[in-house]
Amino acid sequence: MLPKIKLHPDVPYEFYSMTGIITPGRYPGKWDGLAVHHTVTDGARFFTTRAQEEALIKAINADHIRQGYGGFGYQAIVFPSGAVYVDNICDYARAHVANHNNHLVGIAMACDASYREPPPG
């Protein structure tokens, strides 16, 4: 299982480091904005275990490599369970918005928001 990251006790979400299961970032970034994505993975709402969430992260990483990108394209992914997985948010850029990766942090929601609103969580 991925290591849990300790934050302020009032933060209601659980944060985990996904460093080590995704391809490392290639170049440093300087952030001035945020891009929110969705994974187009509607089944994510049925994931009930950390192992299932980690399997989706690994599958997205492999799929992005197959498409010719450098691997998992986001600095963080949020699941309906409330778990948030992060990877060096302040250190390295990831490939998620063409020509804007060096200044935008990419956050993915594990859901398909193309035909309905994302879940409230």
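1. Helices (H or I, at least four residues) and strands (E, at least two) are taken here as DSSP runs, numbered from the N terminus. On that basis the chain has one helix and six strands, and from the N terminus on these elements follow the order β-β-β-α-β-β-β.

2. This is a predicted model, in which local features need pLDDT of at least 70 and side-chain atom pairs count only at pLDDT 80 or more, while totals for chains, interfaces and linings use all residues. Residues are numbered from 1 along each chain as its sequence is written, and side-chain values use heavy atoms, with hydrogens and water left out.

3. Some totals for the chain come next. Of its 121 residues, 37% count as buried, where buried means under 20% relative accessible area, exposed over 50%, and partly exposed in between (1.4 Å probe, protein chains only). The accessible surface comes to about 7,000 Å², and 57% of this belongs to carbon and sulfur atoms; the areas come from the Shrake-Rupley method with a 1.4 Å probe, and for residues only the protein chains shown count as cover. With contact meaning heavy atoms within 4.5 Å, residues 24 or more positions apart account for 69% of the contacts in the chain that have a separation of 6 or more.

4. Helix α1 (residues 50-66) has 17 residues and reaches 24 Å from its first C-alpha to its last, close to the 24 Å expected at 1.5 Å a residue; the expected span is 1.5 Å times one less than the number of residues. Which residues of α1 are buried? They are R50, E53, E54, L56, I57, I60, N61 and H64. Seen down the helix axis, the buried residues fall within an arc of 155°, so they line one face of α1, the arc being that of the directions from the helix axis to the C-beta atoms. These buried residues pack against β2, β4 (76-78) and β5. Just after α1, G68 takes a positive phi of about 95°.

5. The structure holds three aromatic pairs, counting rings of Phe, Tyr and Trp (its six-membered ring) whose centres lie within 6.5 Å, with planes under 30 degrees apart taken as stacked, over 60 as edge-to-face and the rest as tilted. One of them is the stacked pair of Y16 and Y85, at 5.3 Å centre to centre and 25° between the planes. This pair links distant parts of the chain, since Y16 lies in strand β2 (residues 14-17) and Y85 in strand β5 (residues 83-86), 69 residues apart. Y16 is buried, with a relative accessible area of 10%, and Y85 is buried as well, with a value of 0%. In F72 and Y74 the ring centres are 5.3 Å apart and the planes stand at 90°, so that pair is edge-to-face. Both F72 and Y74 are buried. Y16, F79 and Y85 form one aromatic cluster.

6. Two further residues deserve a look. W31, found in the loop between β2 and β3 (33-38), is partly exposed, with a relative accessible area of 23%, and its C-alpha atom is separated by 4.4 Å from that of H103, 72 residues apart along the chain. I107, found in strand β6 (residues 104-109), is buried, with a relative accessible area of 17%. The C-alpha atoms of I107 and Y74 are separated by 5.6 Å, although the two are 33 residues apart along the chain. Leaving aside its neighbours within four places in sequence, I107 is in contact with L34, A35, V36, H37, A76 and V78.
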